[in-house]
Amino acid sequence: MHLTRRNLIVTGGAAMMSTPGLLQAQEPFRLGLTPVFLDNDAGVIERLRGALASALGGSIELEQRRTYEEVTGLLLEGSVDAAWLCGYPYLQHRQTLSLLAVPVWNGQPLYQSYLIASTDDEASRLDDLRGGTHAFSDPDSNSGYLVTASDLARAGQRPEEFFGRTIFTYGHRNVVRAVADGLVRSGSVDGYVWEVLTTQEPELTQRTRVISKSEWIGFPPFCARSDKMGDLRVRQMQTALLDLNKSQVGKAALRLLQLDGMTDADPSIFDGIALRMRDLAAQR
Amino acid sequence: MVLVGVIASQQVLATLGRVQDARIRELAQLHVQALSVALGPHVLRDDIWEVYDTLVRSAGGADVGRTVFTAVTNENGRVLAATDPDRAPLDSQIGDQVVGAQSPEKLTITGDVVQILLLAPLVYQGREVGQIFTELDVSDLVFERTRAAMLLLLGNAVATGVLALIGYLAMRRMLSPITRLARRMQETAQAPEPIPESELPRGDTEMTRLVRTYNAMVSAIEEKSETEHRLAERERFVSLGRLSSSLAHEINNPLGGLLNATDTIREYADRPDVVRQSSDLLKRGLEHLRDVARATLDHNRLDRSSVPLSLDDLDDLQLLIGPEIKRQQQQLTWQVAAGLTDLSRFASAPVRQVALNLLLNASAAAGQGGQITFGVSQTPNELRMVFGDNGPGLTNEASNRLLSSGPVAPGGGVGLRLVRDLVAELDGHIGVERDDGTTEIAVRLPLPQTGKAGAC
C-alpha cells in the first residue's frame with residue numbers, strides 16, 4: 001500500500017513535473033507517529049492532525065506502527081514525509097535524519113525517564129529491583145529502554161541478567177499499566193507521559209510510584225530525512241510545527257498534549273542520549 | 001401426591017441442570033476458541049504484554065462478570081499472563097491452581113459451587129502452544145437453579161396444601177354422617193336412641209345403610225334391655241316360686257292342727273281349760289301363719305327401697321328358707337355374728353334378695369340331707385355374708401352367671417345373675433371357693449356412707 005503510494009508519487013511526480021504544485025496540493029502529507037506517545041487517545045491524535053492540516057493547508061495522513069523500528073523504517077524508506085520519533089532512533093540515524101522541531105514541555109525541550117514500581121513496592125533505587133520482572137516500552141526508546149539499560153551497563157549489568165524477566169509493551173502507557181496491574185514489578189517509562197497520565201488517568205498512576213528519575217534529556221523530536229529538508233512540503237510542515245502555538249486549533253491541540261509549543265532546538269540537547277548510547281555500546 | 005410433586009420437581013431441576021451445563025459448555029468453548037485465536041500468535045512469540053492486554057480486554061468484553069479470572073501458560077505450564085497477576089505471577093507455574101479444573105466439553109455445574117474452573121489447551125495453527133485456565137462465575141446459574149428449586153418447592157407446598165385442604169373438606173363432608181353418628185352415640189351412651197328418618201343421609205349410600213344398621217342395633221339393644229328387665233323381674237319371683245310349695249305346706253300343715261283346735265273348742269266349749277289350751281294353740285298357729293304371710297309379703301312388697309335392713313330381715317330369711325330345709329331334711333347352720341350395728345345402712349330388699357337366692361341355691365346344691373351354712377359378720381368397712389353347702393359345686397354355667405356379666409343362656413340356677421347384678425349395684429364383691437367338698441360363696445358389701453340408704 002505504502003509502497004504503491006510511494007511509487008505513485010515518484011512516477012506521478014516524474015510525469016507531471018510541469019505542475020508540481022497541483023500534485024503537492026492533492027497528495028496528503030504523511031506523518032509517522034511512534035506508539036510511544038499517547039497513541040491510545042484518538043481524540044488527541046485527531047486534534048493534532050487537524051491543527052497541522054489547518055496550518056499546512058492540506059490533508060495529513062497519520063501513520064502509526066507498533067514499534068519505533070517500524071516507524072523509523074517508514075521514515076528512512078520515505079513512506080512517510082516526517083515522523084515524531086524519539087531522540088534515540090534520531091541519534092541512531094543521525095547521518096540520515098534531521099530535526100524539524102522539538103516539543104517544549106514545561107518551558108524547555110527536555111524530559112526525563114522514570115523508573116517506576118507499584119506503590120507498595122519498597123524499592124528505592126534501581127539496584128533494589130534486581131531479580132524482579134521489568135517492563136520496557138520499546139528497545140528503541142530512550143526513556144523506555146536506553147536510560148535503564150545504560151544505567152545497568154555502567155554498573156556492568158545487562159537487563160536480561162539483572163532482571164528476572166523483561167518484557168516490551170510497545171507503549172509508555174502500557175508500561176504504567178503493566179506495573180500498576182502487577183504484571184511486572186517495575187518499568188522504565190517516559191516521564192512526560194507519566195506526568196500527563198497523572199492528570200488524565202490518576203487512578204492508573206496512583207498505583208505506581210516513581211523510584212528514580214534520569215537527567216533531563218532532549219524531548220522526542222519531529223524528524224525528516226535530511227535529503228528531504230529542502231522540500232517545500234517538509235519546510236511547510238516545519239513551519240506549521242514551530243507555529244503551532246500561534247493558532248487557536250494549534251493551541252487547543254498543544255493544550256491536550258500539555259505542551260507549550262515547538263522549538264528548533266539544537267541537536268546538542270540529545271548529547272545525554274549519545275553518551276548513554278556510547279556506554280551501552282561499550283558493554284557490547 | 002407429594003411424591004409425584006417431588007419426582008416432577010427433580011425432573012425439572014435435572015433438565016434445568018442439563019440446559020445450564022450445555023449453556024456453560026458452549027460459553028466455555030466459545031471463550032476458549034476466541035482466546036485461542038486472539039492469543040495464539042502472542043503466545044507463540046512469548047509476547048507477554050500482548051497476551052496480558054488481550055486477556056484484560058477480553059475480560060471486559062461480552063463475558064464480563066462471567067469470567068472471574070483467566071491465566072494463560074505456555075506448553076510447560078509456566079504463566080505468561082493472567083488477568084490477576086497477583087494470583088498467577090508472570091513465569092510462575094500454574095501447578096496446584098488448576099486442580100479440579102474441568103475441560104470445556106465436560107464442564108458441569110455441581111451443587112451450590114458458584115465458581116468453576118476450566119482448563120483447555122490453547123491450540124494455534126493446529127498445534128498446542130499453551131493452556132488457558134479460567135475461573136467462571138456461575139453464581140447466576142446457581143441462583144437460577146436455587147430459585148427454580150425454591151419456586152418448585154413453594155409451588156408443591158401450595159399445591160399440596162390446597163389439595164390437602166380440599167381433601168380434608170371432602171373427607172369431612174363425607175364423614176359428617178359418621179361424625180354425627182359418633183356424637184349421637186356418645187351423647188346417648190347410657191340409653192342409645194335411634195337417629196330419626198329426617199336425619200338420615202340422602203340416597204341409598206353406605207352411610208344410609210350404616211345409620212339404618214345403627215338404628216336396628218339400638219332397637220335390638222332396647223329389646224334386649226327390656227327382656228333383661230323382664231327376666232330380672234321374673235328372677236326375683238323365681239325364688240318365691242321355688243318357695244311356694246314349701247310355703248303352702250308351711251301354711252297347710254298347721255291348718256289341720258288349727259282346724260282340730262277349733263273343733264276341740266267347739267266340742268269342749270264348757271271346759272274352759274281345754275278352750276284356753278286350744279285357743280293358745282290356735283293363736284300360736286295363726287301367729288306362725290301371720291309371720292309366714294308377712295315375710296312373704298315383705299319380700300314382694302313393691303315399695304321396699306327405703307326400708308333399712310335389720311336383724312328382723314335375717315329372721316325372715318330363716319323363716320322363708322326353713323320349710324325348704326325341712327322338706328329336704330337338711331341341716332342348716334345359722335351364724336349371725338354379734339355387733340351388726342350398721343345393718344341399717346343397707347336397704348333391706350337387695351340384701352334379702354341376694355341372701356335368699358344364694359340360700360336357695362345352696363339348698364338345691366346340697367340336695368337331700370345335705371348341710372348348709374349361713375354366716376353374716378361385719379368389719380369396719382363391709383358386711384360379709386358366707387353361704388356354704390356340701391353339694392357338688394358350681395357348674396361352669398352357674399359360675400358364669402354369678403361371676404361375670406357375659407351373655408347367659410336362659411334358665412339354670414336360681415337368680416344367680418340377679419345376685420350378681422344386685423351385688424354389682426352395691427359395689428360389692430362375690431368370691432367362690434371350693435374346699436374339702438364344701439362350696440363357699442362369700443359376698444362382701446362395702447358399708448354405704450352414713451345417712452345414705454341403699455342404692456336400690
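This is a predicted model: local features need pLDDT of at least 70, side-chain atom pairs count only at pLDDT 80 or more; totals for chains, interfaces and linings use all residues.
In strand S13 of chain A, Met262(A) is the bridge partner of Pro103(A). Residues are numbered from 1 along each chain as its sequence is written, while chains are lettered from A and ligands numbered from 1 in the order in which they are written.

Stay with chain A. Strand S4 (residues 97–104) and S13(A) run antiparallel and are joined by three bridges. Strands here are DSSP runs of E with at least two residues, helices are runs of H or I with at least four, and both are numbered from the N terminus. Two strands pair if DSSP finds at least two bridges between them. S4(A) and S13(A) belong to an open sheet of six strands, in the order S2-S1-S3-S12-S4-S13, with mixed pairing. Its edges are S2 (60–64) and S13 (261–263) of chain A, each pairing on one side only. On average, neighbouring strands are turned by 25° against each other, direction ignored.

Two helices lie across strands of chain A. Helix H11 (residues 232–242) lies across S1, S3, S4, S12 and S13, at about 15° to S4(A). Axes are lines fitted to C-alpha atoms, for helices over the stretch in contact, and angles run from 0 to 180 degrees between N-to-C directions.

Next comes a helix pair. The axes of H8 (residues 172–180) and H9 (residues 191–200) of chain A come within 9 Å and cross at roughly 65°. H8(A) is therefore roughly perpendicular to H9(A), a term that covers 65 to 115 degrees. His172(A), Arg173(A) and Val176(A) of H8(A) meet Val193(A), Trp194(A) and Leu197(A) of H9(A). Two residues are in contact if their C-beta atoms, placed from the backbone, lie within 7 Å.

Now turn to chain B. Its secondary structure comes to nine helices and nine strands. Of its 456 residues, 27% count as buried. Buried means that 20 or more other C-beta atoms, placed from the backbone, lie within 10 Å of the residue's own.

Chain B has an open sheet too. Five strands follow the order S5-S6-S7-S9-S8, with mixed pairing. The edge strands are S5 (331–336) and S8 of chain B. The twist averages 10° from one strand to the next. Helix H7 (residues 348–366) of chain B packs on this sheet, touching S6 (371–378), S7 (382–389) and S9; its direction makes about 20° with that of S7(B).

S8(B) and S9 (residues 438–446) of chain B pair in the antiparallel sense over seven bridges. Ile430(B) stands opposite Val443(B), and Gly431(B) has Ala442(B) as its bridge partner. The two strands form a hairpin with two residues between them, and Asp436(B) in the turn has a positive phi of about 55°. Helix H8 (residues 396–403) of chain B has buried residues, namely Asn400(B), Arg401(B) and Leu402(B). These pack against helix H9 (416–425) and S8 (429–435) of chain B.

Finally, the chains meet. Nine residues of chain B are in contact with 12 residues of chain A. Helix H2 (residues 48–59) of chain B gives the most to its side, with four residues.

Terms used. Angles under 35 degrees count as roughly parallel, over 145 as roughly antiparallel, 65 to 115 as roughly perpendicular and the rest as oblique. A residue is buried if 20 or more other C-beta atoms lie within 10 Å of its own, exposed if 12 or fewer, and partly exposed in between; C-beta atoms are placed from the backbone.
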